[in-house]
Amino acid sequence: MLSFIFRRLALTAATMLAVSLLVFLLLELNPGSVAVKVLGPYSSEEQRQLWLEANGYLNPLWQRYLEWLGRMVTGDFGESIRFKVPVAEVLWPRLWNTAILAFWTFAVLIPLSLTLGVLAGMREGSRLDRAISITSIITTSIPEFASAVFLSAIFVFGLGILPGTSAMSNGFDPLQLILPVMVLVLYDVGYVTRMTRASMAEVMTAPYIRTAVLKGIPFPRVILRHGLRNALIPPFTVIMLQINWLLSGVVVVEFFFAYKGFGALLLEASLNQDIYLIQACAMVAVFVAVTTQTLADIGYTYLNPRIRLQ
Amino acid sequence: MSMTEHAAGHLPPPRLIRILRMVGLLRESPVAMIGAGLIVFWIAVAIFAPLLAPFDPNVNLQPFAKPGTPYAAGSGVFWLGTDHLGRDILSRIIWGSQTVLFYGFVATASAYAVGVAMGLAAGYYRGWIDELLSRLGDIILSFPILVLYVVIIATIGASGINIVLAVTFASAPAIMRIVRSLVLEIRERDYVAAAKMRGENAWYIMLVEILPNVRGPLIVDACLRMGYVTITIGVLGFLGLGLPPPDPDWGGMINEARSMALAFPHMTVLPCIAISSLVLGLNLLADGLREISLRD
């Protein structure tokens, strides 16, 4: 187990290293364009040359990459062009706001999708199963921006009971979180439900479930004591991997509802060509995604004795 | 893979009969039928856009008209209203279907071409090629997908061809993974060994012997993938990273009307219904096809 964790962590580090190279090459391969982004399109050629020289951009590529990597690792992301402050000062509060959004999304998503998935999967092919499956296809077919539009039309325009933006300009307001969380949950609940359903349906065909039923144990008890324990291992991984997906979803949702989170920040950075902010956002996003994937793998191995004891 | 399993070779039925059987299979699944219906509807709309659209989609006629308002300065009715620049929303949705379907199809096809080639090579050659391609894929797939799109589009700029490039770059690894795992299963079959014995070259074996035998799961995946790509094109348009204006695209329409959505919901709701129904069609078709393939 320990050597497995160690190997997994090493792989994570290697992935991050490769990702950093990709991000670096994507954004900084051409120093000239970096200078244009930092100094603006109206800077003179001379200014750009001076800036490039002063900031070490005339060094060979590999040296620039290593220095860049060193700064990234120590959390020195440079200065934001748009906000005129160090990137870290904008980034961390925004990330915290997104964490709040993510927390509530998962707090709704996990119980909801597991319940629906178990209900659908315990009697495969039943009417309830069909209904849940079709509903989950429909909800996953509606892109987040579309469900944001639909839900706003209903709850903001039609009923007028929820605020249409979530800028939190007068301090934290839980009401403003409801629509963003609803949109994120609605898009993802179908997928997690289907995964849980598949896992539950598979467990229900196992011999020990048949034995339990034939022994005369009441059906709800068979589900709770025998079925769930094994059926909920695969959804654990699926749910952990939703964090990666959530980092995509928040870009759309935060933009739509003007929520001051990480996704909106990344978008604002790229619309304004704020190169250092884009780099930092991308690296942080991948770091969160890769770390959760590693945790999911380790957790899955721990939960599943068939793998753990090998 | 036993020797007998594939020894009983029989001639494949003629193409026409296979297509008829396919349609018959579709009829077995109401879900797939509804999905196929939605897709056919939008393809027809795209093809007949010049005939169907009542107005020019880019001409400013009468701003902020509610659905059903007649055109004051001419003949015709704005059945779905107009946007803030006075452009007819129905016409924009109809013409926008061309954009979405065209780029959706081209981007999916391009991602498939690259992904299938990578997957065939990785699964067939194995060894260092597999290792290299798989690791490369892992790295790209470790990005939250939209973060990758935003970074790529921010770097290379927003345009139709760049959307195709970004989708190819971001989705090919996922397709590669699926193809690779299917190829690993097929490459040990006797007919592959026979082709090797005949001295066929590697790409002939991959494309002629292996690829046709993994098409089933790939067709299902292609439907789902095209759904994702459609969403992606919509999202990029919505975020302002999509196709440059003024030509209509559904995501872009929503982005432009976003600030007026609370006063004039028809400007945003209708393109959203359009894109959702197209994606729903693709997802239902994929689900139905998967169910049919599991049944035999």
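How many residues does the contact take from chain A and from chain B? The answer is 38 residues from chain A and 33 residues from chain B. Keep in mind that this is a predicted model.

**The A–B contact**

- On the side of chain A that touches chain B, the elements giving two or more residues are α1 (2–28), α6 (127–141), α7 (144–158), α11 (233–257), α12 (262–271) and α13 (275–303) of chain A.
- Helix α7(A) hands over the largest share of that side, eight residues.
- Sorted by class, the side of chain A that touches chain B comes out at 29 nonpolar, nine polar and no charged residues.

**Nonpolar cores**

- The largest nonpolar core has 145 residues, and the members touching the most others are A:Cys281, B:Val147, B:Tyr149 and B:Val150.
- Helix α4 of chain B (residues 89–125) gives the most to this core, with 17 residues.
- From chain A, this core draws at least three residues from each of domain 1 (2–73) and domain 2 (88–271).
- Zooming in on B:Val147, and skipping residues up to four places away in sequence, you'll find that B:Val147 touches A:Leu247, A:Ser248, A:Leu266, A:Ala282 and A:Ala285.
- Another core of nine residues lies apart from it, with A:Val118, A:Met200, A:Met204 and A:Ile223 among them.

**Helix α6 of chain A**

- The end C-alpha atoms of α6(A) are 21 Å apart, which agrees with the 21 Å that its 15 residues should span at 1.5 Å a residue.
- Buried residues in α6(A) are A:Ile132, A:Ser133, A:Ser136, A:Thr140 and A:Ser141.
- Those residues are on the same side of α6(A), because they cover an arc of only 165 degrees around the axis.

**A:Ile243 up close**

- You'll find A:Ile243 in helix α11 of chain A.
- Leaving out residues up to four places away in sequence, A:Ile243 touches A:Val288, A:Ala289 and A:Thr292.
- A:Ile243 and A:Gln293 are 50 residues apart along the chain, with 8.8 Å separating their C-alpha atoms.

**Overall layout**

- Chain A is divided into domain 1 (2–73) and domain 2 (88–271), and the centres of these two domains, taken over C-alpha atoms, are separated by 36 Å.
- Chain B has twelve helices and two strands, which run along the sequence as α-α-α-β-β-α-α-α-α-α-α-α-α-α.
- Taken along the principal axes, the C-alpha atoms of chain B fill a box of roughly 75 × 45 × 25 Å.
- Of the 296 residues in chain B, 47% are buried.
- Among the contacts in chain B with a separation of 6 or more, 69% link residues 24 or more positions apart.

Terms used: Residues numbered from 1 in each chain as written. Chains lettered and ligands numbered in written order. Predicted model: local features only at pLDDT ≥ 70, side-chain atom pairs only at ≥ 80, totals over all residues. Contact = placed C-beta atoms within 7 Å. Helix = DSSP H or I, 4+ residues; strand = E, 2+ residues; numbered from the N terminus. Nonpolar A, V, L, I, M, F, W, Y, C, P; charged D, E, K, R; others polar. Domains from an automatic or database assignment. Expected span 1.5 Å × (residues − 1). Buried ≥ 20, exposed ≤ 12 C-beta atoms within 10 Å, placed from the backbone. Arc of directions from axis to C-beta. Core = buried A, V, L, I, M, F, W, Y, C linked by C-beta atoms within 7 Å.
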